[in-house]
Amino acid sequence: MTLQIKTLAQYKEAYQNSVENPEAFWAEQAETFTWKKQWDKTLEWDFKTPDIKWFKGGKLNITENCLDRHLETRGDQTAILWEPNNPANDVISYTYKELHAEVCRAANALKSLGIKKGDRVCFYMPMVTELAIGVLACARIGAIHSVVFAGFSASALADRIKDATCNIVICSDYNSRGAKNIPVKKVVDDALAMGCDSVKTVLAHKNTGGEIAWNKDLDVWWHEALYDQPTHCEAEEMDSEDMLFILYTSGSTGKPKGVVHTCGGYMVYTCFSFRNVFQYQDGDVYWCTADIGWITGHSYIVYGPLLAGATTMMFEGIPTYPDAGRFWEVCDKHKVNQFYTAPTAIRALMAKGDEWVEKYDLSTLKVIGSVGEPINEEAWNWYNEKVGKGNAPIVDTWWQTETGGILITPLPGITDTKPCYASYPMPGVQLVLMDADGNEVEGNGVEGLLCVKFPWPSIIRTTYGDHERCRQVYFSSFENMYFTGDGARRDGDGRYRIIGRVDDVINVSGHRMGTAEVENAINEHPNVVESAVVGFPHEIKGQGIYAYVIPNQSVADEQAFIKEIRKVVAKVIGPIAKPDEVQVVPGLPKTRSGKIMRRILRKVASGDVSNLGDVSTLLNPEIVEAIKEGAK
Ligand code: WT7
């Protein structure tokens with residue numbers, strides 16, 4: 001197993017080694033895995049192009065490391081523990097032996113459907129065990145998975161299927177979520193009707209067993225495809241730098257981009273970070289409440305924990321069903337030791353009152369984590385006192401889809417914690433703060449744009465089908481640096497506090513959204529001339545979505561129009577992107593070069609119209625008054 005740091009001195013030593021001799025440091029970690037062939041060169045990199053190769057020439061299969069290598073030592077230990085949406089239904093669990101067999105069966109089924117190494121497999125599924133099994137089955141045969149969160153709309157799904165030219169879509173019939181039974185295959189059918197010509201098969205998992213339409217030319221049942229498949233499947237030999245998966249994420253411009261992670265480095269870093277950030281010990285039950293449709297689920301429900309031989313829990317449901325005690329009830333029921341969730345969930349549950357959390361025994365919790373957005377001090381304190389009871393350290397983990405794994409975090413019981421601070425870089429992570437002119441901001445007690453100046457093993461390799469975009473977005477702002485898009489503060493002791501995005505990306509309930517993407521969706525409404533979307537502080541969601549919309553003819557019924565705007569966004573992207581506020585405006589404040597002055601829009605959206613700064617340079621300063629008056 002990779003190194004598990006236990007003391008502050010060890011952390012300092014590991015950090016120093018990782019900076020002074022990164023190759024030796026990571027080679028030592030990589031050696032703890034099963035390789036089919038040893039790598040020739042530990043690292044080759046160039047941030048200009050970018051071209052990053054970790055463990056060059058090495059051959060491996062990540063599933064041999066997630067599954068096969070544990071069979072002898074922990075074959076009968078629970079690998080995946082699945083808690084249903086409805087607490088009255090049965091828990092499902094797979095031991096490492098059973099999971100290995102099931103992944104092999106699914107891998108053989110995919111092969112018999114003609115899927116081979118390098119093919120792209122799209123998943124559009126709720127949090128069922130078949131999703132984890134399917135993803136691992138792809139990795140087993142060298143197919144590249146592209147999981148799309150099942151809350152996205154048909155049109156968003158179609159965009160992602162087309163961008164990656166997926167050969168197959170794997171879905172469920174329905175998604176049982178809270179009190180709802182949400183159609184899933186229907187969305188896939190609708191997406192395919194938008195012209196996803198590359199898709200030859202839809203593999204449908206029967207989840208709730210509701211009625212679905214059946215297209216006999218495309219559709220195959222999961223249980224029929226797996227039936228009779230052997231429980232052994234040779235693991236495909238993959239190069240360290242072969243693609244493992246694509247995961248779409250939003251940026252400040254254009255359509256979502258497919259972030260690509262590769263086999264070797266991702267494997268080493270997710271295992272290493274999992275073991276250290278959560279201090280997982282044999283016998284522990286680890287629970288991350290994320291959805292596998294996001295990077296958190298990829299790295300810290302599936303790959304990291306299984307690589308480390310952990311018992312990882314998957315939860316089908318939502319925090320408030322059947323009531324606001326659900327998370328804590330599950331922690332109590334399964335004696336959870338490490339719990340990892342998002343600030344938005346913490347805030348929502350905090351608002352429901354302490355009685356829900358006080359009802360349950362949370363004494364098994366040793367580490368509690370937070371991810372996805374800044375955690376405010378009030379939520380941090382509540383999480384610390386009410387959930388952790390003051391003796392389960394909070395790991396406020398900062399990272400991104402592009403980083404593959406956690407880069408900034410406290411190490412529980414090892415480094416100190418401070419509210420609102422993601423704190424310290426992981427070994428191997430060389431952070432820098434830059435100013436807008438491209439100079440490094442040195443010293444402590446400073447702020448700047450957060451960059452990383454040396455590659456860590458799970459850094460993004462490319463954006464699928466568009467390498468230039470990857471260079472432009474992440475590697476062109478500052479020479480020889482990976483730019484995160486976040487601003488950060490370094491305090492007097494060298495801890496980092498993430499301030500938030502400095503680009504046109506907003507973070508709504510931990511979901512990343514490009515303002516341009518939401519604007520494009522709004523503009524699909526036939527009565528919209530132009531729109532501008534900004535984030536505003538939202539008590540539960542962290543940020544809410546505020547849309548300014550110019551209609552092309554006078555809108556008679558403003559309320560109905562606003563409803564339609566929200567509907568069109570749900571249709572084009574998904575319900576998670578629906579604006580919280582829509583303000584109908586006669587125009588947008590623009591600079592003389594025609595750029596929207598977002599600074600003004602953000603201020604108005606945040607409810608602060610007092611001091612909008614100098615507006616005299618605007619092309620249309622008069623519009624500001626109208627916007628102020630109509631503010632929500
Ligand atoms: C953006 C990345 C990392 C998995 C989930 C989100 C924000 C993430 C934190 C944190 C403050 C955070 C950043 C980042 N973010 N974690 N602990 N504190 N902000 O992944 O969708 O790729 O979003 O989420 O702004 O850039 P993602």
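Helices (H or I, at least four residues) and strands (E, at least two) are DSSP runs, numbered from the N terminus. This is a predicted model, in which local features need pLDDT of at least 70, side-chain atom pairs count only at pLDDT 80 or more, and totals for chains, interfaces and linings use all residues. Residues are numbered from 1 along each chain as its sequence is written, and side-chain values use heavy atoms, with hydrogens and water left out.

Q: Where does Pro537 lie, in terms of these elements?
A: Pro537 is part of strand S28, which covers residues 528-538.

Q: Why is Pro537 called exposed?
A: Buried means under 20% relative accessible area, exposed over 50%, and partly exposed in between (1.4 Å probe, protein chains only). Pro537 has a relative accessible area of 58%, so Pro537 is exposed.

Q: What does Pro537 touch, not counting residues up to four places away in sequence?
A: Contact means heavy atoms within 4.5 Å. On that basis, Pro537 touches Gly542 and Ser606.

Q: Why does Gln430 count as buried?
A: Its relative accessibility is 11%, so Gln430 counts as buried. Gln430 sits in the loop between S20 and strand S21 (431-434). Beyond four places in sequence, the residues Gln430 touches include Tyr15, Cys451 and Phe454.

Q: What makes Thr403 buried?
A: Thr403 has a relative accessible area of 0%, and therefore it is buried. Thr403 is also found in the loop between S20 and S21. Leaving aside neighbours within four places in sequence, its contacts include His261, Trp398 and Tyr482.

Q: Which kind of peptide bond joins Thr49 and Pro50, cis or trans?
A: That bond is cis, with omega about -15 degrees. Pro50 lies in the loop between strand S1 (41-46) and strand S2 (51-56). The bond from Tyr321 to Pro322 is cis too, with omega near -5 degrees.

Q: Which residues touch the most other members of the largest nonpolar core?
A: A nonpolar core is a set of buried Ala, Val, Leu, Ile, Met, Phe, Trp, Tyr and Cys residues joined through side-chain atoms within 4.5 Å. The largest has 117 residues, and Leu99, Phe278 and Tyr303 touch the most other members. Helix H9 (residues 263-278) gives the largest share of this core, 10 residues.

Q: Which residues around the ligand come nearest?
A: A residue is near a molecule if one of its heavy atoms lies within 4 Å of it. Of the 17 residues around the ligand, Asp396, Thr397, Thr401, Asp486 and Arg512 come nearest.
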